[in-house]
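Keep the structure open while reading.

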Amino acid sequence: MDIVSVLQVSFAQLIGPSAIFYALLAIGLNLHYGYAGLLNFGQIGFALLGGYGVGIMTVTYDQPLWVGILVGLALAGLLALVLGIPTLRLRADYLAIATIAAAEILRLMFRSTASDSVTGSTRGLWGFADPFTSLSPFDSSRQYNLLGMRFYGDDLWAMVVGWTLVLLLCGLVYLLSHSPWGRVLEAVREDEDAARALGKNVFAYKMQALVLGGMIGGLGGIFNALQTKSINPDFYSTAQTFFAFGALILGGAGTVFGPVLGAMMFWFLLTLPDAFLRQAIAGPDPLLPLTEQQVGAMRYVLLGILIAVMMVFRPQGILGSKRKVQLDA
Amino acid sequence: MPDTTRPDPTPPRTVLGADARAALFAGVDRTPGAAKPDPILVVDDLCRTFGGLKAVDVSHLEIQRSCITGLIGPNGAGKTTLFNLLTGFDRPDTGTWAMDGVPLGRLHPHQVARRGIVRTFQLTKALSKLTVLDNVRLGARHQTGERMVGALLPWTWRHQEREITAHAYELLDRFGLAAKADDFAGSLSGGQRKLLEMARALMTEPTVVMLDEPMAGVNPALTQNLLGHIKTLRDDGTTVVFVEHDMDVIRDISDWVVVMAQGSVIAEAPPDALSSDPAVVDAYLGSHHDQALEFDDEGNPVGATAELADALADAEAQTLEAGGDLSDPDAASTDATATTLEKP
């Protein structure tokens, strides 16, 4: 068994573009759930609007890429407003229901044949990322070797841009969470009425958090569209939101770097057993009697077990504070 | 923040000595809705119903400035609902109320708070995952860093934050919580949470403080401590309204007492005159509380006791006829019995 190659494949996922996408989703969710206590189960819907904003504006309407990016961000922010106005005055679970429904509705609308002329329905959209890749200093056709991890030039460029973005957003979250604004947000999470009694406009704070987190989710969608150079409606399925939630809980909700570390660990832990199992079934004398498809399913089982074990022994996530979690009881 | 409402600058505080307060209330009628010499809060025709139940039905009420007004009444009298209405946490069916002549109806809770009325809650709301210090700092008003854009420019609010922190430590010192400043509020004991909630409320520099059962579940030593803090508040010129059940506490610190029962104000009086007010005694103990039960040699009730027993039997019969269940204490039967018994 080739342990080194297993580790190389796994570490490539640790810092790869997928980790960036889920890190962006999870940073947004962290603002919602970790700081403001809002349950957004439709984060992927915000990413969908971000991605399609880029795709539709550039492919369908022939606008420059930067217009698409701005439209994508604006649409994600608008979705937050539209969902927030009716639900933020209600209990947290209403927002959860509204967001999960909105994300599914959006996906179904964008993949429907009725919107084919704009969204490309199930075929999706592609061929819009050229202005992005043309900025790349790396050679698109070359594979670069990073400590034995192999990345194509375009992926490497996406990773440079993506991680820069993630770091900038971490800085933003750090500034916000260490400010009086963040203090009010946490107070809202703990007890809305107490915040109201002290003169804080709870609705406005929740709305600000929802819009900001949603726009960061939209940014995730934009990043994903540019990195994969295509948009497919069925990529934006509900499961993605829960992967992002998994990453957030794993890393530690309510911490600045928790969602980032969580997203990295999530992909690492997903790839590690996968790579091991693939090694174990390869060759003329396989260690395990499994087929390729079974390995694909098995890795989610193993990841599930890993996360479950983690939650038992470290319920606050990797970076969370145990004291805070215990105060819930 | 989109909401740009700015409270008026804090009006000058009137500080009254004990004699001044006594003199002030000497001329006040001891009737529900009596006019006060210098009311800060005036409530008119306030009504709130839950289904068919009139939770609050106050035709007129005035709260005297810079004094401690105790609000008492049996459970379900509508005290907390009145608090919720006055602070914007609940909406009345009808009615107006005003602070210093400025109407407060139809305002959101945070707008009421910004106008200088701060409240605490019957079930203490410590923000458990914030530190004790952050709990108190949260209370400060006009924080530049509480705007989202301002938050990103730390140099714009750092100076203010230092002042707020210093003020917060002063308050924590005063309430004996300074040593706990860096602990999570969730780790405090019940009594310490009450103190914290009060310190946090004071951080808003309120004109009126409304305390909903500040002594509930607090040990006697801490009760004395809390009482001292409430008196200090008044002596600083703050108007205090508080809900309390303990008559000794009421007698100790209130300058004036408002008694509520079944949603209405049934009596107003200075604390030492309370026990002689028949309406208060009735509301707390029931009209028959002092009536001895009389029985003849065979154990049958006689006199007034016999009438009472008949009334009970009638009510029971009525309930059974109406298909009620006597074993269910919440059913209409109890109401029927009660109403029958209330008749003198």
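What percentage of the 344 residues in chain B do buried residues make up? They make up 39%. A residue is buried if 20 or more other C-beta atoms, placed from the backbone, lie within 10 Å of its own; with 12 or fewer it is exposed, and in between partly exposed.

This is a predicted model: local features need pLDDT of at least 70 and side-chain atom pairs pLDDT 80 or more, while totals for chains, interfaces and linings use all residues. Residues are numbered from 1 along each chain as its sequence is written, and chains are lettered from A and ligands numbered from 1 in the order in which they are written.

**Chain B and its interface**

Chain B has twelve helices and ten strands. Both are DSSP runs numbered from the N terminus: helices are H or I of at least four residues, strands are E of at least two. Of the contacts in chain B between residues at least 6 apart in sequence, 67% join residues at least 24 apart. Contact means C-beta atoms, placed from the backbone, within 7 Å.

Chain B puts 36 residues in contact with 26 residues of chain A. Several elements of chain B each supply at least two residues to that side, among them strand 6 (117-119) and helix 6 (154-174). The largest share, four residues, comes from helix 3 of chain B. By class, this side of chain B has 16 nonpolar, eight polar and twelve charged residues. Nonpolar covers Ala, Val, Leu, Ile, Met, Phe, Trp, Tyr, Cys and Pro; charged covers Asp, Glu, Lys and Arg; the others, Gly among them, are polar.

Two packed helices are described by the angle between their axes and the distance between the axes. Axes are lines fitted to C-alpha atoms over the stretch in contact, and angles run from 0 to 180 degrees between N-to-C directions.

| Helix pair | Angle | Axis distance |
|---|---|---|
| Helix 3 (43-60) and helix 11 (202-228) of chain A | roughly 50 degrees | within 6 Å |
| Helix 9 (180-190) and helix 11 of chain A | about 105 degrees | 10 Å |

Helix 3 of chain A is therefore oblique to helix 11 of chain A. Their contact has eight nonpolar, ten polar and no charged residues. Helix 9 of chain A is therefore roughly perpendicular to helix 11 of chain A. Angles under 35 degrees count as roughly parallel, over 145 as roughly antiparallel, 65 to 115 as roughly perpendicular and the rest as oblique. The helix 9 contact with helix 11 of chain A divides into six nonpolar, no polar and one charged residue.

Key:
Two residues are in contact if their C-beta atoms, placed from the backbone, lie within 7 Å.
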